[in-house]
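This briefing is arranged by topic and is intended to be read beside the sequence and the coordinates. Please keep both at hand while going through the points below.

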Amino acid sequence: MIPEQHFSVIIVAGGKGLRAGGEIPKQFQLIGGKPMLMRTIEAFYNFDYRIRIVVVLPEEFREFWNELCEKHNFRLSHTVVNGGETRFHSVKNGLSEILEDEIVGIHDAARPFVSKDVIERCYREAFDFRCGIIPVIEEKNSIRITSGYESRAFDRTKIRVVQTPQVFPADLLKNAYETPYRQEFTDDASVAEDDGIQIKLVEGDERNIKITTPFDLELAEFLYRNKTD
């Protein structure tokens, strides 16, 4: 097992997330009577209660988050930092709280069903191989590549769907995030790869869904009520 001082996670909840519907960002909407973000924090705390948790929030919602924590008597230790203009900038803000000798995971607040097995697999591999680790699942749908009005079939066995947490030796990732932002930086692995960090794929989990739409919220409620540990 990795020494406790090497565990940390940045939970990215810096966006407005209004595509899920409702009047508040999706990270604050309820799953099983508790805000989604709290469920996500609990997933990492349940993996290892010693893990250091950094939460990136929109600055204008920090007080609202404090009120939610009081309302739900939520006492799990975490540090809050302000979100940035993009996900890239939000992660960079979170990394300012991370020590260079840590193994750090970057996780979407909108993935509250990440399992202990997936979390442990990602941290262990990042520690053992000193590289970036991404959990992925196979694509089961048929795929077509489009170009204007034209399209062609693509071999789905060559496709992997990326999940989080994406986990890295912190010193490597902090250095990678010193680069200027570019639009092609869609996740942490793309930033890391640009800096020459090796990326290794590991098995993810179909249940580690990302909640984006109202349908996803309905599915999340169903999954919560029917989950088994």
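**Structural briefing**

Asn73 lies in the loop between H2 and strand S5 (79–82); helices (H or I, at least four residues) and strands (E, at least two) are DSSP runs, numbered from the N terminus. The model is a predicted one, in which local features need pLDDT of at least 70 and side-chain atom pairs count only at pLDDT 80 or more, while totals for chains, interfaces and linings use all residues. Residues are numbered from 1 along each chain as its sequence is written, and side-chain values use heavy atoms, with hydrogens and water left out.

**Backbone features**

- The phi angle of Asn73 is near 50°, a positive value in a residue other than glycine.
- Asn73 is exposed, with a relative accessible area of 53%; buried means under 20% relative accessible area, exposed over 50%, and partly exposed in between (1.4 Å probe, protein chains only).
- Arg130 also has a phi near 50°, a positive value in a residue other than glycine.
- Arg130 sits in the loop between helix H4 (116–129) and strand S7 (132–138), and with a relative accessible area of 47% it is partly exposed.
- Thr164 and Pro165 are joined by a cis peptide bond, with omega about 15°.
- Pro165 is placed in the loop between strand S10 (160–162) and strand S11 (166–169).

**Packing of helices H1 and H2**

- Two packed helices are described by the angle between their axes and the distance between the axes.
- Helix H1 (residues 36–47) packs against helix H2 (residues 62–71) at an angle of about 70°, and their axes are 11 Å apart.
- Axes are lines fitted to C-alpha atoms, for helices over the stretch in contact, and angles run from 0 to 180 degrees between N-to-C directions.
- H1 and H2 are therefore roughly perpendicular to each other; angles under 35 degrees count as roughly parallel, over 145 as roughly antiparallel, 65 to 115 as roughly perpendicular and the rest as oblique.
- H1 contributes Leu37, Met38 and Ile41 to the contact, and H2 contributes Trp65, Leu68 and Cys69; contact means heavy atoms within 4.5 Å.
- By class, the contact of H1 with H2 comprises six nonpolar, no polar and no charged residues; Ala, Val, Leu, Ile, Met, Phe, Trp, Tyr, Cys and Pro count as nonpolar, Asp, Glu, Lys and Arg as charged, and the others, Gly among them, as polar.
- Two of the H2 residues in this contact are buried: Trp65 at 1% relative accessibility and Cys69 at 9%.

**Aromatic pairs**

- Eleven aromatic pairs are found in a search of the whole structure; rings of Phe, Tyr and Trp (its six-membered ring) pair if their centres lie within 6.5 Å, and planes under 30 degrees apart count as stacked, over 60 as edge-to-face and the rest as tilted.
- Phe28 and Phe64 form an edge-to-face pair, with 5.3 Å centre to centre and 90° between the planes.
- Because Phe28 lies in the loop between strand S1 (7–12) and strand S2 (30–31) and Phe64 in helix H2, this pair ties together parts that are 36 residues apart in sequence.
- Phe28 counts as buried at 2% relative accessibility, whereas Phe64 counts as partly exposed at 26%.
- The rings of Phe28 and Trp65 have centres 6.3 Å apart and planes at 35°, so this pair is tilted.
- One aromatic cluster is formed by Phe28, Phe61, Phe64, Trp65 and Phe74.

**Cysteines**

- The structure contains zero disulfides, a disulfide being a pair of cysteine sulfur atoms within 2.5 Å.
- Cys131 is in no disulfide, and the nearest cysteine sulfur, that of Cys122, is 11 Å away.
- Cys131 counts as buried, at 2% relative accessibility.

- Tyr177 lies in the loop between helix H5 (170–176) and helix H6 (188–194) and counts as buried at 2% relative accessibility.
- Leaving aside its neighbours within four places in sequence, Tyr177 is in contact with Phe88, Val91, Lys92, Leu95, Asp188 and Val191.
- Tyr177 and His89 are 88 residues apart in sequence and 8.9 Å apart in space, C-alpha to C-alpha.
- Ala153 lies in strand S9 (residues 150–154) and is exposed, with a relative accessible area of 55%.
- Beyond its neighbours within four places in sequence, Ala153 is in contact with Ile143 and Arg144.
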